[in-house]
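User: I am new to this structure and would like to learn how to read its features one by one. Could you take me through them, with the general idea before each case?

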Amino acid sequence: MNPILSSTLLFTLGLGTTITFASSHWFLAWMGLEINTLAILPLMAQYHHPRAVEATLKYFLTQATAASTLLFATTTNAWLTGQWDIQHMTHPLPTALFTLALALKIGLAPLHIWLPEVLQGLDLGTGLILTTWQKLAPFALLIQIHPANSTLLIILGLASTLIGGWAGLNQTQLRKILAYSSTAHLGWMILVLQFSPALTLLTLLMYFTMTFSTFLVFKLSNATNINALATSWTKAPALTALTPLVLLSLGGLPPLSGFMPKWLILQELSKQDLALTATLAALTALLSLYFYLRLSYAMTLTMFPNNTAGTPPWRFQSSQITYPLAISIMATLTLLPLTPTIVALLIP
């Protein structure tokens, strides 16, 4: 794609998210979400591959459905309460509709069916934008309205953690595994949203950091399935040694950074007398941890069959910039000791 065109699309993508952040009126928030959606569609279809075009069409139809549901919810809220401001979502019916519309936008279970299929048809760079930046605007709206329907949020959260872990067990495509990982992590954020929005924000930022590292590792290795991971030791031995730690951090294994948000969420749920919910969430985390362990095993403890007698295959020197990858990997692995400082800064 032309650099000027891609820069314009990325700028428009940021503009749409910023409009949603800054809006207090529902129409402006909806307009920001639509600008965001229309800006990413050309990026998704830039390679003109049938799978990419199919994924773009699926994404467009899903986002259009969510946007129409959102408009219907805001119109219903204005009809019932006479208010168009985001902060005045007081009636339970439009609040529930609005929550479901945003759940469809970000890929919460059981409204997540589109996410693995869309992500599978995209390249890793666009998939990274879809699983990170595209979550910001809907979460900003969710945090602003403070949904009062606790039962709906708990059902969505537990369903997401369970289905995100369960459906990822039998996958061999890395992009589908990352899509189900996204659904599972979003479930943890939704579980604690009504009790501690700051903790939801912390979990979202940690998820962005870990997912950024994972996508860049797969992009540098040019890996799209589990078998391709087994050849990465010949290309980048040091990165192959660090990647299992990144994956285990995504799974929430101590003493890595990914343990921090899960630990704090379980603590908050226990404080709210939701011990059963916390127990179920902790058990569903084991499902996600299993397929991260599976990826780690395939990457470090197996050797892909080849015809060479012990000599690594030659390759060209990679031209990709690795400084962002190095910084994100360090954050993914070493932020756990800073938990008290982070909690003091973000969580009152």
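User: Which residues of the largest nonpolar core touch the most other members?

Analyst: In soluble globular proteins, nonpolar side chains tend to be buried together. A nonpolar core is here a set of buried Ala, Val, Leu, Ile, Met, Phe, Trp, Tyr and Cys residues joined through side-chain atoms within 4.5 Å, where buried means under 20% relative accessible area, exposed over 50% and partly exposed in between, with a 1.4 Å probe and protein chains only. In this predicted model, the largest such core has 44 residues, and Tyr-59, Val-118, Leu-130 and Phe-218 touch the most other members. Helix α14 (residues 275-300) gives the largest share of this core, 6 residues; helices (H or I, at least four residues) and strands (E, at least two) are DSSP runs, numbered from the N terminus. Apart from this core lies another one of 30 residues, including Leu-33 and Leu-193.

User: What is Val-118 in contact with, beyond its neighbours within four places in sequence?

Analyst: Contact means heavy atoms within 4.5 Å. By that rule, and with those neighbours left aside, Val-118 is in contact with Met-44, Ala-55, Lys-58, Tyr-59 and Leu-130.

User: What should I know about numbering and confidence before going on?

Analyst: Residues are numbered from 1 along each chain as its sequence is written. As this is a predicted model, local features need pLDDT of at least 70 and side-chain atom pairs count only at pLDDT 80 or more, while totals for chains, interfaces and linings use all residues, and side-chain values use heavy atoms, with hydrogens and water left out.

User: How many helices and strands does the chain have, and how much of it is buried?

Analyst: The chain comes to 16 helices and 0 strands, and 51% of its 348 residues count as buried. Its C-alpha atoms fill a box of roughly 75 × 50 × 35 Å along the principal axes.

User: How many aromatic pairs are there, and how are the rings of Phe-259 and Trp-263 arranged?

Analyst: Rings of Phe, Tyr and Trp (its six-membered ring) pair if their centres lie within 6.5 Å, and planes under 30 degrees apart count as stacked, over 60 as edge-to-face and the rest as tilted. The count comes to 6 aromatic pairs. For Phe-259 and Trp-263 the centres are 5.8 Å apart and the planes stand at 15 degrees, so this pair is stacked. The two residues are 4 apart in helix α13 (residues 259-271), which means that about one helical turn separates them. Phe-259 is partly exposed at 25% relative accessibility, and Trp-263 is also partly exposed, at 41%.

User: Where do cis peptide bonds occur, and which residues other than glycine have a positive phi?

Analyst: Most residues other than glycine have a negative phi, and most peptide bonds are trans. Here a cis bond joins Ala-109 and Pro-110, with omega about 0 degrees, and Pro-110 is found in the loop between α4 (92-106) and α5 (114-120). Another cis bond joins Pro-254 and Pro-255, with omega about 5 degrees. As for phi, His-48 has a value near 55 degrees and lies in the loop between α2 (26-44) and α3 (50-81), where His-48 is exposed with a relative accessible area of 67%. Asn-222 has a positive phi of about 55 degrees, and this residue is exposed too, at 64%.
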